[in-house]
Each structure stands twice: as C-alpha cells, then as structure tokens.
Amino acid sequence: MPAFSTLRIDHDPANPRIARLLLNRPERLNAINDQTPREIRAAVEWATEDPQVHVIVVQGAGKGFCGGYDLSQFGEGDIDHPCQQERHPWDPMDDYAFMKRNTDDFMSLWKSPKPTIAQVHGAAVAGGSDIALCCDLLVMAEDARIGYMPTRVWGCPTTAMWTYRLGPMRAKQLMFTGDVIDGRTAAAWGLANEAVPADRLDDAVRRLAERIAGVPRSHLAMHKLVVNQVMLTMGLEQSQSLATVFDGITRHNPEGLWFRRYAQAEGFKAAVQWRDSGRPIPEGDEARAAIRELEARRPSQP
C-alpha cells in the first residue's frame, strides 16, 4: 500500500472491493496541511487504478472527520505563505494557482470513476466540508456537524459544492450565516444521504458500500459520469473558478486582513470566537483603523 504522512488508504479487510481512505492527523482534528490535498489525490489515483476496488470510503481518525485547514500557524503566525502574502504585494494569480490546485486535488474524489462515500462523525467544517462534499455520497452521524464558518470572514468555499448539493436557497442560508448544521438537518435538507446514531455509522456506511461494490465497475463509472456531466453543464467548473478567486480576496481585503491581524494579536481561537459569535465584524474604514491599531501593538518584524 502507498505510504502517506497525513492519511492512510487500504482495502477493507472484510471486502477488498471497498477502499478505506482515512484522514489521519487526529492530534490536529485531521486539519489540512500542505501535504493533505496532494495525498488525497494520490490515494484516490491508487484506488482508481486498483481493479479490485469498486467504491472508496473516506473517513477521519479520532474525534472527527476534518476540522478544515490547519490555520493556527497561517492564521496567527507571521510566516508568508502562497495563500496569505503580506511581506510583499499580494499576487492574486499566485494565490489562485495555489488554492485551485488544492481544489482540483479534492475534486479527484468527484472525478474518479469509482463512487466515493464520505463517512462523517464529529465535524466536517470549513475546508473539511469541501472534502466531504467532493465525495459522491454523504453519510453522517446524527450529532455530526458540517458547515463553512469562514464565510463570515476570511474564506469562500473553493469547491462551490454547496449550491449543487443543496440548491440555491439553502446554500445562501449557510453562506450568509456561516452556520453549521447537524447530521439530522443535513439529511432532512437532502445534503446527506442518511444520518444515523453515531454508534451505527460504521454499519450504515458498510451496508451502502457493499451494496455499491456488487455493481460492475464499468456500470458505476457510466452512471457517475452521467450525473457529473449534468453538474458540469450547470457550470460547476466556472463556479469553482469564481469561488477560488473570491477566496483569495476574502483573505486580503480590509475585513480579511483585520481578521488575520486580530488573530495575530489575540490568538486564532479568539478571532474565531468573534467571527462565529454573530458580533459585527469591522468592515471598510472601521476595519482599516482597527488594522492600524493592531499593527501598532505588534513587535517589528525582521
């Protein structure tokens, strides 16, 4: 089996027609680092090329599925990064290229000819929701949570999957509020195929995966291609391009820069608490003034 630093993939011991892709950074809530997107793509390619595999199950180790991008370093730290450039003028195309590559890596789950199932317990939030929603099917624990809180400030979901999975009205509700929903709500809204008690999640996913695994690979590939083509015709790729550009803007406009400066001054946890509380977020001139005040409190950088 291929060896990775952020995940594992192997055949299900009870059924080699099922591949199990395990996001495996439990100490960081399986947060996405620079290696995660590339390794997801490589793992999916391995499963796609394996003639035994008919279906891929994606799940998370430890307390949850995936807590999003590992932003404790990039959010409150002072290092430069391709998707957060501050020591030189922001280059939107560098930002776009970096985030578009991540989006394309996540979309390998959607583009693989083999069906993919996200098995979600705990949280699949922010970038973790992108991974879950790039899978074809979604099965959640009833008490699991899914959402994209950074839509309140400092982020736009680059995969743009919410509208295609929920429809415009529900997608707007979640994008406008940054709220998360539990598995019961996700199933009621049609986002999740099924929501079950947490202690029944493994069994529910196994039943679904085994049912799919009995279908010939060629039939699965054709049916998936038909549905995916509908989404492409609706404009999925164009939506993703726009969303990826907007993601970079949300991290570098006055509101986004305020969020980062506040995280640097007060800690990322405090910035997230402000963002998610519903408290008004400084914008425009108010944000610029707050940035100047926060920058004055920071020690000078070498």
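Tutor: The expected span of a helix is 1.5 Å times one less than its number of residues. This is a predicted model, in which local features need pLDDT of at least 70 and side-chain atom pairs count only at pLDDT 80 or more, while totals for chains, interfaces and linings use all residues. Residues are numbered from 1 along each chain as its sequence is written, and side-chain values use heavy atoms, with hydrogens and water left out.

Student: What span should the 15 residues of helix α3 have, and what is the distance between its end C-alpha atoms?

Tutor: Helix α3 covers residues 92–106 and should span 21 Å; its end C-alpha atoms are 21 Å apart, so the two agree. Helices here are DSSP runs (H or I, at least four residues), as strands are (E, at least two), numbered from the N terminus.

Student: What caps the N-terminal end of α3?

Tutor: Asp 91 does, with a side-chain oxygen 2.9 Å from the backbone nitrogen of Met 93. A polar contact is a pair of N or O atoms within 3.5 Å; within protein, one must be able to donate a hydrogen and the other to accept it, and residues adjacent in sequence count only if both atoms are side-chain atoms.

Student: Why is Arg 261 called buried?

Tutor: Buried means under 20% relative accessible area, exposed over 50%, and partly exposed in between (1.4 Å probe, protein chains only). Arg 261 has 7% relative accessibility, so it counts as buried. This residue is in helix α12, and its side chain makes a polar contact of 2.8 Å with that of Gln 264.

Student: What makes Leu 29 partly exposed?

Tutor: Its relative accessible area is 47%, so Leu 29 is partly exposed. Leu 29 sits in the loop between β2 (15–23) and α1.

Student: Why is α12 called oblique to α13?

Tutor: Helices α12 (residues 254–266) and α13 (residues 268–277) pack at about 135 degrees, with axes 6 Å apart. Angles under 35 degrees count as roughly parallel, over 145 as roughly antiparallel, 65 to 115 as roughly perpendicular and the rest as oblique. That angle therefore makes α12 oblique to α13. Axes are lines fitted to C-alpha atoms, for helices over the stretch in contact, and angles run from 0 to 180 degrees between N-to-C directions.
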